[in-house]
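Here is a short report on one protein model.

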Amino acid sequence: MNLLPPSQIKELLASHGAVPSKRLGQNFLIDKNALAKVVEAANLQPTDVILEIGPGIGTLTQALAQKVRKVIAIEKDAGMVDILGKTLKDFKNIEIVQGDALKLDPSPYTLAPYKVIANIPYYITSPLIRKFLETPRQPEHMVLMLQKEVAQRIVARPPDMSILAVSVQFYAEAKIVSYVSKGCFWPVPNVDSAIIAIRSRNDAKPSGKINTDLFFRIVRAGFSQPRKQLGGNLVKELKGNKKGITEWLLANNIQPTQRAETLSLKDWQNLTKNSPLGEN
Ligand code: SAH
């Protein structure tokens, strides 16, 4: 098996008394080209260790395992884990871990350099990306299939920034590799998808030049009411006085009347480095 048609996926699930779970974001990849695009974007090497989140029935897992040293696949659904025991039984280089990817401590699996490659359940997108960017041992590379709109929000530039865009871009270079239509999945989801490649930027690590906690305190404060003016948000959330905040912004070439979404990553970094909050 590499790619099963919907009728056979349905049968496979039924033979384990299961149907696709909406709650767990179960939309299985059924398109050869889309699968090939993920694999290609992953730039796999025979020595690679891959962490896959949400393997489902193991379609991508198999494609990965054929090309790398080891795949560790983390699956939350016990029923799926049963199915994987069957569909992946001929592979010696796949380790199936039953668990919630958001709660699981990844450290046992990240001792050696690794990549995260996954068609993920969309409901966990933001926390999952954050988890792997903030962990002390970041992946060399992440290639994720996610909702098109979320992918576009992640790679956005001013004036369309969001906390998600600033957070990802703080740690990493992110780019959309390809768009994938919803017809490439079964059951067909409501929205189209995109494949995104995220590469950690080492200079942004918490040990780097910038105070990460302060950076995110300022970003969160700035975006607290995204439709309102930045100056007001910062005064309120950082409990600063208006004059001091205004001077701080102007000194960094930012107008207090701007919206947070118009600031670049560099603007937020400057604000952090030149912060009057006394902890930089
Ligand atoms: N990657 C597969 C399946 C995608 S569907 C494919 O491309 O066909 C998403 C999968 O993620 C499902 O198997 C679902 O059970 C699993 N999943 C959902 N929430 C999860 C979580 N918190 N941790 C790990 N796996 C999860």
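## What covers helix H8

The cover over the buried residues of H8 includes H7, helix H9 (230-237), helix H10 (242-251) and H11. The model is a predicted one. The buried residues of H8 are Thr212, Leu214, Phe215, Phe216, Ile218, Val219, Ala221 and Gly222. That makes eight of the eleven residues of H8, so this helix is largely enclosed by the rest of the structure.

## H8 against H11

Two packed helices are described by the angle between their axes and the distance between the axes. For helix H8 (residues 212-222) and helix H11 (residues 265-273), the angle is about 120° and the axes lie 9 Å apart. H8 and H11 are therefore oblique to each other. Their crossing is right-handed.

Which residues make the contact? H8 brings Leu214, Phe215, Ile218, Val219 and Gly222. H11 brings Leu265, Trp268, Gln269, Leu271 and Thr272. Seven residues of this contact are nonpolar, three are polar and none is charged.

## H7 against H11

H11 also packs with helix H7 (residues 163-171). Here the angle is about 80°, and the axes are 10 Å apart. H7 and H11 are therefore roughly perpendicular to each other.

Val166, Gln169 and Phe170 make the contact from H7. Leu265, Trp268 and Gln269 make it from H11. The contact of H7 with H11 has four nonpolar residues, two polar ones and no charged one.

## Glutamine 269

Glutamine 269 sits in helix H11. Is this residue buried or exposed? Its relative accessible area is 16%. Buried means under 20%, so glutamine 269 counts as buried.

What does glutamine 269 touch, apart from its neighbours within four places in sequence? Its contacts are Phe170, Ile210 and Phe215. Phe170 belongs to the H7 side of the contact with H11. Phe215 belongs to the H8 side of the contact with H11.

## Helix H1 and its two sides

Helix H1 (residues 6-14) has Ile9, Leu12 and Leu13 as its buried residues. Seen down the axis of H1, these residues fall within an arc of 95°, so they line one face of the helix. An α-helix has 3.6 residues a turn, so residues three or four places apart point the same way.

Lys10, Glu11 and Ala14 lie on the other side of H1, where they are exposed. What covers the buried residues of H1? The cover includes strand E1 (28-29), helix H4 (78-87) and strand E8 (185-186).

## Serine 181

Serine 181 is found in the loop between strand E7 (172-180) and E8. With a relative accessibility of 41%, serine 181 counts as partly exposed. Serine 181 and alanine 194 are 13 residues apart along the chain. Their C-alpha atoms are separated by 8.1 Å.

## The whole protein

Now the overall view. The protein has eleven helices and nine strands. Its C-alpha atoms fill a box of roughly 70 × 35 × 30 Å, taken along the principal axes.

Of its 280 residues, 51% count as buried.

Note on methods
Residues numbered from 1 in each chain as written. Predicted model: local features only at pLDDT ≥ 70, side-chain atom pairs only at ≥ 80, totals over all residues. Heavy atoms only, no water. Axes fitted to C-alpha atoms, helices over the stretch in contact; angles between N-to-C directions. Helix = DSSP H or I, 4+ residues; strand = E, 2+ residues; numbered from the N terminus. Parallel < 35°, antiparallel > 145°, perpendicular 65-115°, else oblique. Left-handed = near helix turned anticlockwise from the far one by under 90°. Contact = heavy atoms within 4.5 Å. Nonpolar A, V, L, I, M, F, W, Y, C, P; charged D, E, K, R; others polar. Buried < 20%, exposed > 50% of the residue type's maximum accessible area, 1.4 Å probe, protein only. Arc of directions from axis to C-beta.
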